[in-house]
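The sequence and the structure come first.

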Amino acid sequence: MHVTHLSLADFRSYARIEVPLGPGVCVFVGANGQGKTNLVEAVGYLATLGSHRVSSDAPLVRAGAERAVIRASVTQGERSQLVEIELNPGRANRARINRSSQVRPRDVLGIVRSVLFAPEDLALVKGDPGERRRFLDELVTARVPRMAGVRSDYDRVLKQRNTLLKSAAMARRHGGRGMDLSTLDVWDQHLARVGAEVLVQRADLVAALGPLADKAYGDVAPGGGPVTLEYRSSAAGRNAGGDDAAEQSTDGGPAPGGAGREELYEQLLAALGAVRRQEVERGVTLVGPHRDDLVLKLGELPAKGYASHGESWSYALALRLASYELLRAEGNEPVLVLDDVFAELDARRRERLAELVAQGEQVLVTAAVDDDVPGVLSGARFSVADGAVERL
Ligand SMILES: Nc1ncnc2c1ncn2[C@@H]1O[C@H](COP(=O)(O)OP(=O)(O)OP(=O)(O)O)[C@@H](O)[C@H]1O
């Protein structure tokens, strides 16, 4: 798929802008702070309903404005659609498809698909588990858009369960006889039911992505690797029950490959039972998909803490390239967005990456300096300056 027209109103630094786009490579060049990232961030927002730079919508609305609108015309094969999101920080966002009456924002997921490479990607390798969970969940949603609803159900159940645990912990600390925790059983079942669905999709994704990441790593860093992706479940190994299990390390263990939804449900439920005493003491849910990690291994060692800076970059690029290959193989080619990445890479990685993506259906590249963009990425050039975007 590709975006044929992008229209922004009060989004980031743009009061109003219309940008016609074609398939193939589009390079946006401009000095620092002119709004290049803001443009491609808008495309990423339509694909994920989030920003790769900030966790809330407020900074995405132009300072002084109340709401922002992102609108894009999108072509996939013979089909064209117009998708629109209105960002209303503090209130519900609104969305429309083909100017129809409103739909839920998550109903637009899947229309725009993108894989974004950005300097922030280094955090996929070097950062906290939350970075890798977000990476997995965004890709899961790109493959199976209904998972956005499952994720928000999970977050809601988790929040309610944590509220209950927190009150129980407070009551204990204040010397009360303890709360009646019978409702916790019901929340355990909800959490395990929805959590198992999240786990099934993550496991399926990791199995599909692993070989592609290994190949991509070899492409970016010839002779390097091998790389393996290992999903680490906070619930695995905690189902023995009783105090022994409660004393186990909080690192969890590898998830059993190929486990079905029911098996994962039972495992989560047993794990919640095993850590209940600790949870009531600490007032927080200790097992579930929100505590899991994706261990990125380079050879025998985890990349985090062991890989060099260059290896970490190659790994991050390999994860994004593998995501691209996966979505492409599954029938809907995503827009590739390369935001300011070439300046971060050495000449060899720069050339390799450019060669690997040059044939994408649509590749949006931002750069402060035109010379940073490898020659193989020839295509439309745009200048970005003073809130205006002009085709060169
Ligand atoms: N909500 C907002 N309201 C107004 N201006 C904003 C808002 N968010 C960001 N900006 C402005 O947008 C500019 C940054 O734009 P952007 O990150 O797209 O720059 P860039 O061209 O990619 O720069 P660089 O090359 O340095 O990465 C900054 O000047 C910033 O102050």
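Helices (H or I, at least four residues) and strands (E, at least two) are taken as DSSP runs and are numbered from the N terminus. The model is a predicted one, in which local features need pLDDT of at least 70 and side-chain atom pairs count only at pLDDT 80 or more, whereas totals for chains, interfaces and linings use all residues. Residues are numbered from 1 along each chain as its sequence is written, and side-chain values use heavy atoms, with hydrogens and water left out.

**Largest pocket**

A pocket is an open set of points, on a 1 Å grid over the protein atoms alone, where a 1.4 Å probe fits and where protein lies on both sides within 12 Å along at least five of seven lines; its lining residues have an atom within 4 Å of a point. The largest pocket has a volume of about 1400 Å³, a volume being the space filled by probe spheres set on points that are joined across faces, edges and corners. Its lining counts 50 residues, and those nearest the centre are Thr 48, Leu 49, Gly 50, Arg 134 and Glu 138. Elements that each supply at least two lining residues include α1 (36-48), β7 (114-117), α4 (147-173) and α9 (309-329), while α3 gives the largest share, ten residues. At least three lining residues come from each of domain 1 (2-113 + 332-391) and domain 2 (147-293), with bounds from an automatic or database domain assignment.

**Ligand**

There are 16 residues around the ligand, and Gly 33, Lys 36, Thr 37, Asn 38 and Pro 59 come nearest; a residue counts as near if one of its heavy atoms lies within 4 Å. The table gives polar contacts, that is, pairs of N or O atoms within 3.5 Å.

| Backbone atom of | Ligand atom | Distance |
|---|---|---|
| Gln 34 | oxygen | 3.1 Å |
| Gly 35 | oxygen | 3.0 Å |
| Pro 59 | nitrogen | 2.8 Å |

Of the 660 Å² of accessible area that the ligand has on its own, the protein covers 69%, as computed by the Shrake-Rupley method with a 1.4 Å probe.

**Backbone geometry**

Gly 225 and Pro 226 are joined by a cis peptide bond with omega about 0 degrees, and Pro 226 sits in the loop between α5 (182-220) and β8 (227-233). Asp 10, a residue other than glycine, has a positive phi near 55 degrees and belongs to strand β1 (residues 2-11). Asn 98, also not a glycine, has a positive phi of about 55 degrees and lies in the loop between β6 (94-97) and β7.

Conventions: Polar contact = N/O pair within 3.5 Å; in protein donor to acceptor, adjacent residues only side chain to side chain.
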